[in-house]
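Morning, everyone. I have one model to show, and I'll keep it short. Please have a look at it first.

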Amino acid sequence: MNTQQLAVALVSGGLDSMVAAALVRERGYRLLALSVDYNQRHRIELAAAERVAAALGAERHVVLPLDLSRFGGSALTGVTPVPKDGVGRGIPVTYVPARNTIFLSLALGWAEAAGARDLVIGVNALDYSGYPDCRPEFVAAFEGLAELATKAGVEGAAFHVHAPLQHLTKADIVREGARLGLEMGLSWSCYDPTPDELHCGLCDSCRLRAKGFGEAGVPDPTRYAAQP
């Protein structure tokens, strides 16, 4: 275990990114935390990201403004209602075009500048909402891209994308969070928070969060406006 290695962790403020970063920290990595203010409707997650980065002991936390609402194409950056009728099939309207590609590219830029060769992302291919940029094929392809697209890669320094939650269920993720002693109530999952800053309880993300805590048998610290 190399305690001197730096990793740039994408920290959204959500439970998955919190647990993913904590797992990499457990392996001995020092953390730089990157959050993106993309003008998301659930901007409350940025406050959660600040809490999570501090709790993880990140050496630095950068919140980078990048207004993806200028592009449109997602309920998370526009006025299209967030679905509240359960997790369905197909790619939902909450998909943000190329979001994880954009975010990992930003993390890669910071990693190369900081001399880090490790990136951390909390993507999950089991209990998730069907986003194409959460699949193992995407993670593997991005590692190849990083090698081709950077000075460090051309000079022979391989980049590694850590996606430790890739094949875990949401219940497994909650169990890992509990094992690590994380204060999971610091995280935020809801896509459509209420005016009084409660999780709505009905969007895909709320339903998956509640399902994970329930199946894991771990008390859910989340305050929901409606029962998921």
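First, the ground rules. This is a predicted model, where local features need pLDDT of at least 70, side-chain atom pairs count only at pLDDT 80 or more, and totals for chains, interfaces and linings use all residues. Residues are numbered from 1 along each chain as its sequence is written, and side-chain values use heavy atoms, with hydrogens and water left out.

Helices here are DSSP runs of H or I, at least four residues, numbered from the N terminus. Axes are lines fitted to C-alpha atoms over the stretch in contact, and angles run from 0 to 180 degrees between N-to-C directions.

Start with α1, residues 15-26, and α6, residues 170-179. Their axes come within 10 Å and cross at roughly 50 degrees. That makes α1 and α6 oblique to each other.

Which residues meet? From α1, L15, D16, V19, L23 and E26. From α6, K170, I173, V174, E176, G177 and R179. Contact means heavy atoms within 4.5 Å. By class, the contact of α1 with α6 has five nonpolar, one polar and five charged residues. Nonpolar covers Ala, Val, Leu, Ile, Met, Phe, Trp, Tyr, Cys and Pro; charged is Asp, Glu, Lys and Arg; the others, Gly among them, are polar.

Next pair. α3, residues 99-114, packs on α4, residues 136-149, at about 40 degrees, with the axes 11 Å apart. α3 and α4 are oblique as well. N100, T101, L104, S105 and L108 in α3 meet F138, F142 and A146 in α4. That contact has five nonpolar, three polar and no charged residues.

Now V24, in helix α1. Buried or exposed? V24 is buried, at 0% relative accessible area. The cut-offs: buried is under 20%, exposed over 50%, partly exposed in between, with a 1.4 Å probe and protein chains only. Leaving out residues up to four places away in sequence, V24 touches A7, Y29, L31, V120 and H162.

C203 is in no disulfide either; its nearest cysteine sulfur, that of C206, is 3.7 Å away. C190 is buried at 0% relative accessibility, and C203 is buried at 0%.

Note on methods:
A disulfide is a pair of cysteine sulfur atoms within 2.5 Å. Helices (H or I, at least four residues) and strands (E, at least two) are DSSP runs, numbered from the N terminus. Angles under 35 degrees count as roughly parallel, over 145 as roughly antiparallel, 65 to 115 as roughly perpendicular and the rest as oblique.
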